[in-house]
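Hi,

Here is the structure I promised to pass on.

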Amino acid sequence: MPRACEITMSNTLLYSVENHIATITFNRPEALNAFNAEMNRELLALLDLIDEDDEVRAVVFTGSGRAFCAGADLAGGGDTFDVSGGDDAHNEDGSINYSADSIRDLGGRLTLRMYQCKKPLIAAINGAAVGVGITMTLAMDIRLASDKAKVGFVFTRRGIVPEAASSYFLPRVVGISRALEMCYSGRVYPATELADSGLFRKVVSSDALLPEAYEIAREIVENTAPVSIALTRQMLWRGLDMSHPMEAHIVDSRTVLSRGMSSDAQEGVNAFLEKRPAEFKDRVSKDLPDFFPWWEEPKYR
């Protein structure tokens, strides 16, 4: 049976699961849900939990109050982005140790974890999404925005550069020319101005935003096989880096073979022929193929 709604509160997030859909709500409304190290830790922990929980089949992200996430918390003033104070940040001769774990970008840690996720991630951008507030969504699969939302890749206006691995994600989402324009200008755009940019699936009224996001999630939950979704997500994301279609053919052949031997494949075909809803039994926690993952994660160095 689907789990009834449960709500878990942390210092920076609300988390609930209902009918196989998890909702993560950024919950620092007094700070416009600004992103900080604690929020990053809690998001990483939730993503680990979500991947391990077979009751969760899709995830919706949104913000409490009038913002989605207004970017990095700037309470530290001008030193906010200076991460050179870590114990491992310098070599013995005083030079910067660029391989130090302490200097790694927090937003990048988050988007790399999202990239590895086995569940569909949907952003319901209800208000301001600036800096990491928008770049974190680039590693999600589907983005919806309220017509009241505003987004900005404002890094050059703060004297810094794009983060959260957005130099990888953003050009793949909107194209290189548009990505450069957005980042060069650092301008904050009304979501309605970017409706045709590829950044959003759709821009809707604020009242329609969450219902639309949940409808997308429900379609996935009610009609698809969880293991097939997990494999498809990784096949398509990682396919962006393939240098030849043979690489895709190799992965396709192995995953088609694995899924074709599964009870899910029998159920999917039989349900179609019998004109009834399918009941898929395989679970991500235990039924991924033995060759998964088929890639080796690069190390930070």
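In what sense do β7 and strand β9 (residues 150-152) pair, and over how many bridges? They run parallel, and the pairing covers two bridges. Within it, V130 stands opposite G152 in β9. Before you go further, keep in mind that this is a predicted model.

That pair belongs to an open sheet of four strands, ordered β5-β7-β9-β10, with mixed pairing. At the edges sit β5 (67-69) and β10 (188-190), each of which pairs on one side only. On average, neighbouring strands of this sheet are turned by 20° against each other, ignoring direction.

Next, N126. You'll find N126 in the loop between β6 (121-125) and β7 (128-130). N126 counts as buried because its relative accessibility is 16%, and the cut-off for buried is under 20%. A polar atom of the N126 side chain lies 3.4 Å from the backbone oxygen of G65. Leaving out residues up to four places away in sequence, N126 touches T62, G63, G65, R66, A67, F68, S146, A149 and L209.

Last, helix α1 (residues 37-52). I checked its length: at 1.5 Å a residue, its 16 residues should span 22 Å, and the end C-alpha atoms are 23 Å apart, so the two agree. The buried residues of α1 are M39, N40, E42, L43, L46, L47, I50 and D51. Among the elements covering them are β2 (13-18), β3 (21-26), β4 (58-63), α2 (106-116) and α10 (284-287).

Cheers

Key: Residues are numbered from 1 along each chain as its sequence is written. This is a predicted model: local features need pLDDT of at least 70, side-chain atom pairs count only at pLDDT 80 or more; totals for chains, interfaces and linings use all residues. Side-chain values use heavy atoms; hydrogens and water are left out. Buried means under 20% relative accessible area, exposed over 50%, partly exposed in between (1.4 Å probe, protein chains only). A polar contact is a pair of N or O atoms within 3.5 Å; within protein, one must be able to donate a hydrogen and the other to accept it, and residues adjacent in sequence count only if both atoms are side-chain atoms. Contact means heavy atoms within 4.5 Å. The expected span of a helix is 1.5 Å times one less than its number of residues. Two strands pair if DSSP finds at least two bridges between them. Axes are lines fitted to C-alpha atoms, for helices over the stretch in contact, and angles run from 0 to 180 degrees between N-to-C directions.
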